[in-house]
Structures are given as structure tokens and as C-alpha cells.
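Subject: Structure handover and notes

Dear colleague,

Please find the structure below, followed by my notes on it. Have it open while reading, as the notes go residue by residue.

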Amino acid sequence: MIIFLSTGLFCEEISLFKQEIFPVSNPGFENLAAGWNIKPTEKKEPMPDIIFSFENISYEGQYSFAITLNKRKATYIPRAFQVEKGKKYYVSARIKTKGEITGAIRVVYGAIGEPYSNRIGPDSDWTVAGLTFVGGKHVYGYGEPKNPDPNISYCELRLEANGTGTAYFDDIRVYEMKDYGIYVRASINQPEGKQYRLKIHGLYGPPNWYFTIYPLKDALSSGSMSNWINLADFDQFKGRGTVYAGFHFEPVLKEKFDSINAVIEFAYMPDEKCVIKRFARTTPGNIIGLMIPKSESNPENFISGFRFLDDDIIERNQFLKSLNLPAVNLKNFYLEAHLKGFNYVFSDPVMVETEIKTLKIMGFNALDTQYSGLAGVYREIAEKYNIRQTHHTFRMSALPKDPITKTNVFDIEKIRQACSSFIEKTLESLKSQDPDQIKLIKFIDTGDEIAGEVFSGIEYENGYKQYLKSQGLKPSDIRVKSWDEIKTYGSWNWRDSWKMRPTDRTAVDSCINYYWTLRYWNYATARVYRILAEEIIKRMPEVTVRVNFGPPWAYGYCSYMRGAEIWEFARQNSVTDFWNEDWLNTGGWRNAGIQMVSYLVDLSRGCAKINNAEVSAFVMPVGGESNIQLKLASVIGKGAKKIDVYRYGPAYYSPDNWSQNKDMSSGIAKFTRVLEKVEETAFYGKPRNPEVAIIWSASEPVWSTDDASMWNNQLIYLALLHKQIPVDFVDEFEIEKGALKNYKCAILSSQYLRKEAKKAIINWVNSGGNLWIDGLPATGDQYGQKCDLMLPLIGIDDITVVDSATGRSLNPQNGVSPAIITGQITLKNSDETIEGAGRKISFKIKNPAKTKVIGEWEDGSPAIIESRTGKGRVFYTGTYAGHSYNAPVERIPGKIESGYREKERKIITDFILSCGIQRPVWCDVDCIQADLLESEKGIVIVLSNYSGNPQKLVSVNVDARNNITSVESAQNGKLVFTQDAKTRIVTFKVPLDTFDFIVLK
């Protein structure tokens, strides 16, 4: 029997190993490169980016193989080997890491599924990395010789490293596994004399997540054990990972089991001698919840993985208790978590209570059962722990349809009737479930990552004409002779909308009609949601109504004009509470970094100003205790009052959950204790109106052929945030109404912009406004046509574009590829250089006497200029300044981005600061987000440390405007401060680890 006694991976009584095999010679590298075809890298200066070596650091013997990465990269070393087809194998290696690097092994070509092992690191001691696989062949025959043996799998083992540092590999082992499955049998002892069926319901993973199976055809009788069932025969139990399942013992007759006493046994073969785990339980109801490892799980996970769901629940509760934190009770901020599973995967209310206790320790004061309110057992137990808030989901899926086309009709009266009926039925359903839950509902969610409703029919076409008239348009503006000739450009879903744009930009009539069809489509969708909101508030006047708008980088149809534009929802009062989920983390799909959660709240706040709506935040999970604290501090600093921390879960019954993430749990628990200290002042505080506006162009993504400007806009925002410059987002239509009069400086980074908005900007600058602009300087209009109105304002002409963004994504998470660098810009006042990125705009200066050249390209031509126009000023950068700011940044998984430099940042911020704006709060350390919230109760400064390192002492300046008598840090107590008698500016110093709240009174 083959066991790992030294590591405790497998117990002696149970082994899934049949035998160890040796298809890989020199598995411990004691003979160095023999059999591995590895040539050690010559270590010389400068050190190579990738170094392969054999080191006197080993798990066993004398040597190990090491991969050292001196620059953030990913690489691997391959090794061919052979096994038999159809058999199951386990491959393991010992891995040790030093630095920000991870190591793993993988088997490809002859391994069905080409699985990865668990990933080891960073900074880990010797740890087992292992994987199971079944011998097969690559679907295209990769890795096989010309005349392969049909019984042999030709595999490749890869030793992989990713990051910066050194990964060591040693002690590679391969085992042939026994032919095992996941065999289960069950019986109930109580109640006696009953017939029942066995149902298994649970969660197993994407894409379908939930499942229900009846593994036995025949009914069972109390007291008799069922036959063995191989769960590996069901797709839900195949692969790797864990299934969270409830075993339902359902009575055959129309009766109810108030409680059961049941036995469930698992074995790796249908034999008493092969039983791995036996569960016996008496439980209220008829459902026993279990965690079950899938069929391809690693042997150690398979043997130890069969557990009660209770174990998972109790472990979480005990972990939170072990933090020994004081009690917390947030009274004003709304902090919501999610729970679900009762009557799905378990029937014992004690499990609900244990989870609610855990959430109470963390500081949550609102609870939702996965979009479905708070009813029955959950409500009763939640109220016991003083959790009396929830939200509910009213998502209407059936609009009136055309009987022939089956698409939605835009008949307002029919839509209102449908919405009214839907709301009435929904409320009746809630009352029948639990009438006491209705008073707990604080807001209604009417849509999640919504797309535009697809309309057609005569009402929609007639509505289009009425909409165009409401916009002040005439038939001639659409290039037709009469209203009778006007029809929408088409009708599509959001995925097809960008594909339908005219490919021939010279077909101006098509381009115009396409643009207005998009605008009308957004108008129509927002109108439906407005009707739905009105019908809800008519019956529940105390609630707010929200839609979860997807972030522009992930779901362009929500923030952009693809059927459900957020600005149109504001103009029509279709929501009264703005939310936007972030899906930002410090690894993988990170986008510009987790600080961009502030971007979403600021975007929501810009929209909310239009209809005086509330601003809230949908905060997605992120690894690292400090990272979740930074997200929470950032959204509060930007003015969010309701926070939905998506989604506690828990693991046993929720996709996308974080319930097993101890960093998240402890981070939130510690954060709420700090927030509670300042809650009364912070909750009533609001951000001061910014003096800087970022111009939001809905026209830009309609005609843009790449994502360069989208990311550039966000990176510009980030540079401003790093210099503590608060901003508003203002869209084209608000600018046309004169919104820029409220700002001293505006920022524009779009190629396409409505012509009327350009005229408003020109008038504003000539009247004394200050415009910062970069990239392609609004050279197109809303119809995708050339429009050089802005060039005289900037003071340039004869533009030539060198484009390196074509055909590639400029997503910051990918770093800055040398391929997007368009040249070097030398700054004339310092001789420093920065890199042009994404595009290089060459141009001529129209009036040198009124133009100051700030930076030049290598050939001496102007790259950055500042000019005067009328009473105002314009600053122009002939490249993407945001991408230039991102050029030196290092992105290490799990950490905050670092490497932002002042020389790139000042291209964005120096001009803006020179416009006479007054920052509400500013620091002597860049990359500290500093937000001010003020009310009659005082001022709260929210400090979020995005510098990447704890700061021993940060000097903070606050434009208090009133006399201040005390300054107190929630983390550090009372602070010494000074206040200038004339300017009322308060100055103090404070240590800053991750975040802090400073109260000024």
C-alpha cells in the first residue's frame, strides 16, 4: 500500500493508489539535467529575465530544479512521458517559492482535460502540488508520434512559474490510481414504516450552477439501506472541486417529515470495506446537507472532502469569534450580505442561526436571501439579532408582445398595465410568503446588468418619430423629405448593436439614422423602467428603486449607449438609487485596479445629480484583508450610503461567493468597528461639489473602433484621484444645457462628441473656462463624421495620426506592451521624458504667439501645448496621457498597483491645479485617496492608502471653511492640528496603514 505518512495526506486504512510508477527518470533532479533537456542559464550582468538552474535547496536529496523570473513573466519546462490510456493517474511535485512568484504543475496532450495542480506561492515552503488525470489523447493528436500506439497516452508534464522570484521543484511522483468512483447509499431509520424517494439538490459550478437529480428510480422504505449509487455517473460530480448538496428524503405519500434520522455512507467502490465516510444524523425537516468531492479531485481532497455542511458553517463562526472583536451595531449605513440554503440543501434552522451570528459578528445590518428578500425562518432569526433590513427583486420579464414578430411592442398604456399587474402579483406573493417581510424592504432591484429591451412594431416606429420631434429634429435632419419616410435603422439586442453600425461612413443618412435609433432605443428602455419604478413607488412610497448597471469595462451596454444607458435612466427618473457593481480585484480581471471602484460611485453620483437620486455601491469580492477595506472606504468616501457586499453566499448555495475567504471576513469585521466610531458624522456627510468635470461622451463608443479611449479616460481619472483632485462626470446633453458653468476646468478624452456639446464647450472656454484634452481631439461628431470644430479652440491644424492601438486591447491589466508606445516626449521645462502611448498626434500650431510648447516629440515637433482662446485656456496632449501614466506601473497579483510617477501625472494634474481649483483635502503623499464628507454634524475625511505601503506619517490639509476645535482619527485618537486663521485650512499629521476616518468638529 502506498501512503504519504510523513505529510498526513492519506491515512493507512484508505488508499486510492494502486501503485507508484516511474515514467519520468531523474524525478528528483539528483542527476541535474539528465532526461530533462534543460540547459542551465548563464548568470551574467545584466541578469536574464528567465533563469533555469539546479540548486542545493531540496526537499529530498541534494538538488532541486529552479526557475527564477527577474521580470514579471510566466514560463514552463516540459517533460514528455507515457502512461496507459483509460487509466487514472496522480502526479505530484514538491514546490517551494521565494518572492512574488507561484509554481504549479500541469499535464497536457495525453491528459483528458489537461488539468492544473494547485498553485503554490508566493513565499511558500515545500508544499505538495498534485493533480489527477485520465490517460487519453489530444483531440487534435498533439504530442503524439506519427504512428502512435493506440493503448498509450503521450503526455507532457509542465513545471510552471509565474511572477517574479524563484520557484523550486523537487520529488516528482506518478501513481496509477485504483478504479474508483463516488459511491453512496442511504437510509432513514425514523420515521418508521415510511416510503420515500431520494433527491439530491445542490450547487456544482458553472455554467449551470444548480442541479437536481433523482439517482434511484424506485421508492425506498424506512430501515432499509439503498443500493450503492455511483455519483460519478452524473455530470455534476465529474471533474475537480466540491459539490454542495442537500440529500432530500421525500415522502411518497402526501405527507411531511417533520424530522428524520438518516444514515448516508460514501465509498470509493461499492463495498463495505471501501467506505470512506459514514454520516448519521437526526435533523428537523428532511434534508441533510453535505460537501462531496468530485470524481477527479486530488486523492487527499477526495479522502478528506466528505463533510457535513455544518462543519463549513461552524468553522466560519469560530474563525470570526477567534478575532475577539468588540460588538458592533451600525445604525445608519446599510451594509447587506446574502444567505441562502434553507429548504434547498439543509432543513435545520440552527444552521441559519449560526450563519446569521457570523454575519452579525462581521457587522452586517441588512440581509437578503439571494435577491429574494427576507422571509420565514431567515427573517425570524435575523430580527432576533437586530437585522431588520432587506431588499427585494422585482424583475419583470414579460412585456406586451407583437403576436406575429414576438418582440416587445412600445405601447405605453399596455406596458403600464403589464407593470401594474406584475407589481400587484409580486406583492401578493410576498404577503403569502411572509407579510412581515414587506416592511423590512428598503429598496427594490428592477434589473441586473440589464441590456436594452428589443422592440418592434407600429407603436415603436411611431414612437421614434415622436421622439425625434421631442429632440427638436426635422425630417431634413434625418436626410428624408417627410416624417412618413422615417423608420428606425433597425432593432437588435445589445450584443449586435455595435455590429449593425454603418460600415460606410460616407453614407451620412445611414449614420444619422443609426445614431438616433440607438438614442431612441435607450429612451424606450428607460421609459419602461420608469413606468416600473412609478408603479412600485405608488405602492411602496418609502423604498428606492435601483438597477445594477454593469461597469463600462465589462458590460458596455449598461454605461454606454447600447440599450440601457445610465444617463438616460437618470433623465427619465427610471431609478431613484444608483448602483454599479465593480468586479475589480488585484489579480486576473483587475482592469485599472481596485481603486476604480471610486470611478463607478463618482459616475453614479454624476447621474444622480440629474434626478436628485441616492448613491449606493455594489462591492464585489477581492482577495486580501486590506483590499476589501480599501474598497469599502473608497465607496463611503465618495458618498455611498447603502453597500451591498456581493455575495457572502455562503459557499454551499451561491455562485460568486466569498464566504470561505477569511481575509474578506476579517477585513470587513475590522472595518465595521472603525466605521461605527464615526458613523453618525460620516453617514450624514456629503461630498463637496467638485470644480473639475470629466466630459462623458456617449458618442465615443458608438463609433470608436478600439478600447483605447475608454481605458484612457479611467486612467486619467486615476491620476486625478492620486493627486486628491475630486471630479464630476458630466455627459454631452448636460453640457449642452450649460452644466460647465459650474466648473473651473473640464477634461475631454474622446474622438467623437456631439456637435452641440462642442459648441457649448467652445463658448464656455471663450468665456473663461479651462479645458484639458488629449488623444484624438474630438475630431468626429455624434454621426461618426469628421468635425474639426475643436481644432481652432485648441489652436492646431494639419493633424496626422500614428495609431498603435489598432487590433489590440489597451486594458491596463495587461500592462503596457512596447507595441503601443508611439515615441518619446521630452518635457521642455525639465528635460524629463515620458512615453507616448496608443496614438501619436502630429499637428501644427496655428498661433505660436498664444501657444506655449510644453513637450516635444523626438523630431522636435510639438507634442504637448497650452494655448489661450478668448478668456480661457486649453491644454492639449497629442497622445493618450492616461496610458502614459500607466506605462511604468507594476501589477503584482494580490497587491496594489505601484510605480505611478509624478512626471507622467503632472501632465494631467499641473494644468488643472493651475486653474484656481480648491481641493477639499490634499496630502503630501501621492496615491492616497482623500475624500471629504461634510454636514452640519462636522467633517469626515476618508483616507484610503493606495500607495502600496504603510505610511508612518501623512500630512493632511483640509479646506475646512469653518473654525475647527477638534480633529480625531478613528484609528489613532485625537490629533494635534493647526488652522490658518485666514484660509481656514486645517493641517495635521496621521499614520496611515490601510484606511482611516478623521472627524473634524
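Does Asp445 count as buried or exposed? Asp445 counts as buried, at 0% relative accessibility; buried means under 20% relative accessible area, exposed over 50%, and partly exposed in between, with a 1.4 Å probe and protein chains only.

Two notes on the basis of all this. This is a predicted model, in which local features need pLDDT of at least 70 and side-chain atom pairs count only at pLDDT 80 or more, while totals for chains, interfaces and linings use all residues. Residues are numbered from 1 along each chain as its sequence is written, and side-chain values use heavy atoms, with hydrogens and water left out.

Asp445 and its surroundings

Asp445 lies in strand 20; helices (H or I, at least four residues) and strands (E, at least two) are DSSP runs, numbered from the N terminus. The side chain of Asp445 meets that of Arg395 in a salt bridge, 2.9 Å from N to O. A salt bridge here is a side-chain nitrogen of Lys or Arg within 4 Å of a carboxyl oxygen of Asp or Glu. The pair links distant parts of the chain, 50 residues apart: Asp445 is in strand 20 (residues 441–448), and Arg395 is in the loop between strand 19 (390–393) and helix 5 (412–433). Arg395 is partly exposed, with a relative accessible area of 28%.

Asp445 also has a polar contact of 2.9 Å with the side chain of Arg546. A polar contact is a pair of N or O atoms within 3.5 Å; within protein, one must be able to donate a hydrogen and the other to accept it, and residues adjacent in sequence count only if both atoms are side-chain atoms. A polar atom of the Asp445 side chain lies 3.0 Å from the backbone nitrogen of Gly447. Leaving aside residues up to four places away in sequence, Asp445 touches His391, His392, Thr393, Phe394, Arg395, Arg546 and Asn548, where contact means heavy atoms within 4.5 Å.

Other salt bridges

The structure holds 75 salt bridges. One of them joins Lys194 and Glu255, with the closest N and O atoms 3.0 Å apart. Lys194 lies in the loop between strand 7 (183–190) and strand 8 (195–205), and Glu255 in the loop between strand 12 (242–251) and strand 13 (259–267), so the pair ties together parts that are 61 residues apart in sequence. Lys194 is partly exposed at 25% relative accessibility, and Glu255 is partly exposed at 31%.

Another salt bridge is formed by Asp803 and Arg839, whose closest N and O atoms are 3.0 Å apart. Asp803 is in strand 31 (residues 796–803) and Arg839 in strand 34 (residues 839–845), so this pair ties together parts 36 residues apart in sequence. Asp803 is partly exposed at 32% relative accessibility, whereas Arg839 is buried, with a relative accessible area of 5%. A network of salt bridges links Arg416, Glu424, Arg530, Glu534, Glu535, Lys538 and Arg539.

Helix 3

The 14 residues of helix 3 (residues 349–362) should span 20 Å at 1.5 Å a residue, and the end C-alpha atoms are 20 Å apart, which agrees; the expected span is 1.5 Å times one less than the number of residues. Helix 3 is mostly covered, with 11 of its 14 residues buried. Among the buried residues are Met351, Glu353, Glu355 and Lys360. Their cover includes helix 2 (309–322), strand 17 (334–338), strand 18 (366–368), helix 4 (376–384) and helix 13 (662–684). At the N-terminal end, Asp348 caps helix 3 with a side-chain oxygen 3.0 Å from the backbone nitrogen of Val350. Just after helix 3, Gly363 has a positive phi of about 110 degrees.

Backbone points to check by eye

- The peptide bond from Glu45 to Pro46 is cis, with omega near -10 degrees; Pro46 is in the loop between strand 1 and strand 2 (50–55).
- Pro206 and Pro207 are joined by a cis peptide bond, with omega about 5 degrees.
- Trp209 is not a glycine but has a positive phi of about 65 degrees; Trp209 lies in strand 9.
- Asn612, also not a glycine, has a positive phi of about 55 degrees, and Asn612 is exposed at 74% relative accessibility.

Regards
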